Amino acid sequence: DGTGSVTITSSAPIVVVDGKRATYRLAGPVVLDEKLRLPVGPKGAAKTLPGPIRIQPTAGATLTYGDKAYRGAFDVRRVGAVLQLVNAVTLEAYLLGVVPGEMPRGWPLEALKAQAVAARTYAVRGLVTGRTFDLYADWRSQAYYGVGYEAPDTTRAVRETKGQILTYEGKPAQVFYFSSSGGRTVSAPDAFRSD
């Protein structure tokens with residue numbers, strides 16, 4: 001939220017879809033300001049596009065914003081006088097960039113699988129309402145680091161538990177985990193008194 005402009009790059013051509021579903025293919029970086037202008041007019045002239053704008057990579061590529069690469073697409077919309085950039089990604093692809101940030105990548109596979117199920121459950125239960133996105137990319141939801149943080153074992157853990165969540169009374173369970181406790185925890189009755 002709150003940026004004046006965004007620059008998105010990719011190692012492959014980028015496809016841009018505007019709010020009226022017109023599609024443009026760009027070879028270089030996509031640079032958008034709050035007026036949502038791109039060089040897609042006649043002879044490459046800047047043209048203001050109706051928002052929101054969807055920016056997606058061509059097959060097999062990823063998009064980069066800042067110094068991080070991400071799976072999926074980006075949705076860019078004007079919010080007041082600034083822009084909002086949202087990574088539109090499936091839950092399973094999102095978890096590939098979450099699990100290695102919430103648990104050490106070198107831990108045993110079964111522990112990583114348990115973390116994948118807990119992270120998936122936490123995401124499903126904690127969906128943000130009333131906004132143009134489902135989850136925050138930080139501690140308000142879960143730390144999401146994108147492609148650069150992915151690791152083979154955590155990716156395997158996510159894929160081998162695909163779609164699995166914990167439920168309680170038919171609903172996603174309220175699961176808690178603390179990624180920086182050093183393995184020390186307290187009993188549930190001490191943490192959550194129900195007097």
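**Entry 1: helix H3.** I looked up what covers the buried residues of H3 and found that the cover includes helix H1 (91-96), helix H2 (99-102) and helix H4 (152-160). Here buried means under 20% relative accessible area with a 1.4 Å probe, protein chains only, and contact means heavy atoms within 4.5 Å. Helices are DSSP runs of H or I with at least four residues, strands are runs of E with at least two, and both are numbered from the N terminus. The buried residues of H3 include Leu109, Leu112, Val117 and Ala123, and also Lys113 and Arg120. I noted that H3 (residues 109-125) reaches 24 Å from its first C-alpha to its last, close to the 24 Å expected for its 17 residues; the expected span is 1.5 Å times one less than the number of residues.

**Entry 2: the model.** This is a predicted model, in which local features need pLDDT of at least 70 and side-chain atom pairs count only at pLDDT 80 or more, while totals for chains, interfaces and linings use all residues. Residues are numbered from 1 along each chain as its sequence is written, and side-chain values use heavy atoms, leaving out hydrogens and water.

**Entry 3: strands S10 and S11.** I found that S10 (residues 73-79) pairs with S11 in the antiparallel sense over seven bridges; pairing requires at least two DSSP bridges. Arg77 has Gln84 in S11 as its bridge partner. The two strands form a hairpin with two residues between them, and Gly80 in the turn has a positive phi of about 70°. In S11 (residues 82-88), five of the seven residues are buried.

**Entry 4: the whole protein.** I recorded five helices and 13 strands. Of the 195 residues, 37% are buried.

Terms used. Buried < 20%, exposed > 50% of the residue type's maximum accessible area, 1.4 Å probe, protein only.
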